Amino acid sequence: NPGLMNTWYESAPSVTGAAQISISAAGTRAVQIKMVSSAILTGDCKIMGIVVRKTGTPDLITQGKDPVSTPAAGVDLVLKQNGVVVANTITGTDGKYSFTGLPAGAFEVAVELAGYTQDAARMVTVSTAVPVADKIDFTIWTGAGSNVITKVTDMANPFEATLYPNPTSGKVNVKINWGTLRMVDLKVYNILGVEVFHKQYYKDELVQFDLSGHVSGIFMVRINGEGKTLVRKLTLDKR
């Protein structure tokens with residue numbers, strides 16, 4: 001059914017905004033699985049790329065030790081517009097994927113893979129003048145104690161951000177590797193995908209926000225820095 005999207009997690013249509021189903025002991029557990037309705041996009045634009053796997057961590061790139069890559073088949077990718085999932089697709093045996101029949105506009109492309117940190121979602125704009133966005137590529141890094149997804153072009157000048165403390169009882173500090181960035185746009189979403197905080201921060205400014213007015217749970221922090229986007233998972237625990 002082209003009007004439905006799959007979801008592997010409870011409580012949300014996107015893996016990055018949902019709580020993982022954890023089964024820690026033998027037995028039977030009832031799990032409710034829903035198919036989430038979505039509007040079918042129509043247009044002449046296209047977004048495409050490839051997802052590859054590498055063993056190790058992104059630090060190897062800066063050390064001049066780029067590992068051999070292999071195509072990542074069967075990996076789920078989502079397409080978002082204004083923070084809402086509007087389509088998903090799966091990579092082929094060659095690691096390639098495409099979103100076709102899109103209207104002109106701005107979209108966010110991300111890999112959804114349980115157990116991995118999404119270090120680089122991709123912001124893409126297609127138009128009637130430039131209807132095809134190609135080479136929207138991702139690398140899945142699997143290393144000792146570190147599973148990370150990055151975009152290939154981020155390795156030379158990585159855009160990084162760290163949230164601390166995490167878990168937090170309310171106040172959250174954000175350490176950003178600014179590089180050449182001058183401003184970042186920070187948004188926080190609750191587990192249902194509702195925006196609960198939004199603010200712009202400028203270079204050398206203290207990046208901090210407070211969630212003490214919200215109930216405990218999982219939040220997603222999205223940081224956009226002049227076309228580069230990071231998504232971080234944050235746990236609020238007020239006990």
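Helices (H or I, at least four residues) and strands (E, at least two) are DSSP runs, numbered from the N terminus. By that rule, His198 lies in strand β17, residues 195-202. The protein chain as a whole has one helix and 20 strands.

This is a predicted model, in which local features need pLDDT of at least 70, side-chain atom pairs count only at pLDDT 80 or more, and totals for chains, interfaces and linings use all residues. Residues are numbered from 1 along each chain as its sequence is written, and side-chain values use heavy atoms, with hydrogens and water left out.

Start with the whole chain. Buried residues make up 42% of its 239 residues. Buried means under 20% relative accessible area, exposed means over 50%, and partly exposed lies in between (1.4 Å probe, protein chains only). Contact means heavy atoms within 4.5 Å. Of the contacts with a separation of 6 or more, 57% are between residues 24 or more positions apart.

Now return to His198. At 41% relative accessibility, His198 counts as partly exposed. Leaving aside neighbours within four places in sequence, His198 is in contact with Asp185, Leu186 and Lys187. Asp185 is 13 residues from His198 along the chain, and their C-alpha atoms are separated by 7.5 Å.

Lys187 deserves a stop of its own. Lys187 lies in strand β16, residues 183-189. Is Lys187 buried or exposed? Lys187 is buried, yet has no salt bridge. A salt bridge is a side-chain nitrogen of Lys or Arg within 4 Å of a carboxyl oxygen of Asp or Glu. For charge, Lys and Arg count as positive and Asp and Glu as negative, while His and the chain ends are not counted. The nearest side chain of opposite charge to Lys187 is Glu195, 4.1 Å away. Not counting residues up to four places away in sequence, Lys187 touches Glu195, Phe197, His198, Met220, Val221 and Arg222.

Side chains of opposite charge can pair when their charged atoms come close. How many salt bridges are there? The count comes to two. Arg222 forms one of them with Glu108, with the closest N and O atoms 2.5 Å apart. This pair links distant parts of the chain: Arg222 sits in strand β19 (residues 217-225) and Glu108 in strand β8 (residues 105-112), 114 residues apart. Both Arg222 and Glu108 are buried.

Arg239 also forms a salt bridge, with Asp237. Here the closest N and O atoms are 2.8 Å apart. Arg239 is exposed, with a relative accessible area of 87%. Asp237 counts as partly exposed, at 25% relative accessibility.

Next, look at a sheet. Two strands pair if DSSP finds at least two bridges between them. An open sheet of three strands has the order β14-β15-β18, with antiparallel pairing. Strands β14 and β18 stand at the edges with a single partner strand each, so one side of each is left without a neighbour in the sheet. The twist averages 20° from one strand to the next. That angle uses axes that are lines fitted to C-alpha atoms (for helices, over the stretch in contact), and angles run from 0 to 180 degrees between N-to-C directions.

Five bridges join β14 (residues 160-164) to β15 (residues 171-177). Leu163 has Val174 in β15 as its bridge partner. Tyr164 stands opposite Asn173 in β15. On to β18 (residues 208-210): three bridges join this strand to β15. Lys171 has Asp210 in β18 as its bridge partner.

A hairpin of six residues joins β14 to β15. A cis peptide bond joins Tyr164 and Pro165, with omega about -5°. Another cis peptide bond joins Asn166 and Pro167, with omega about 10°. Most residues other than glycine have a negative phi, and most peptide bonds are trans.

Lys135 has a positive phi, near 60°. Lys135 is found in the loop between β11 (132-133) and β12 (138-143). Lys135 is exposed, with a relative accessible area of 64%.

The structure holds two aromatic pairs. In one of them, the rings of Tyr97 and Phe99 have centres 5.9 Å apart and planes at 70°, so the pair is edge-to-face. Rings of Phe, Tyr and Trp (its six-membered ring) pair if their centres lie within 6.5 Å; planes under 30 degrees apart count as stacked, over 60 as edge-to-face and the rest as tilted. Tyr97 counts as buried, at 4% relative accessibility. Phe99 also counts as buried, at 4%.
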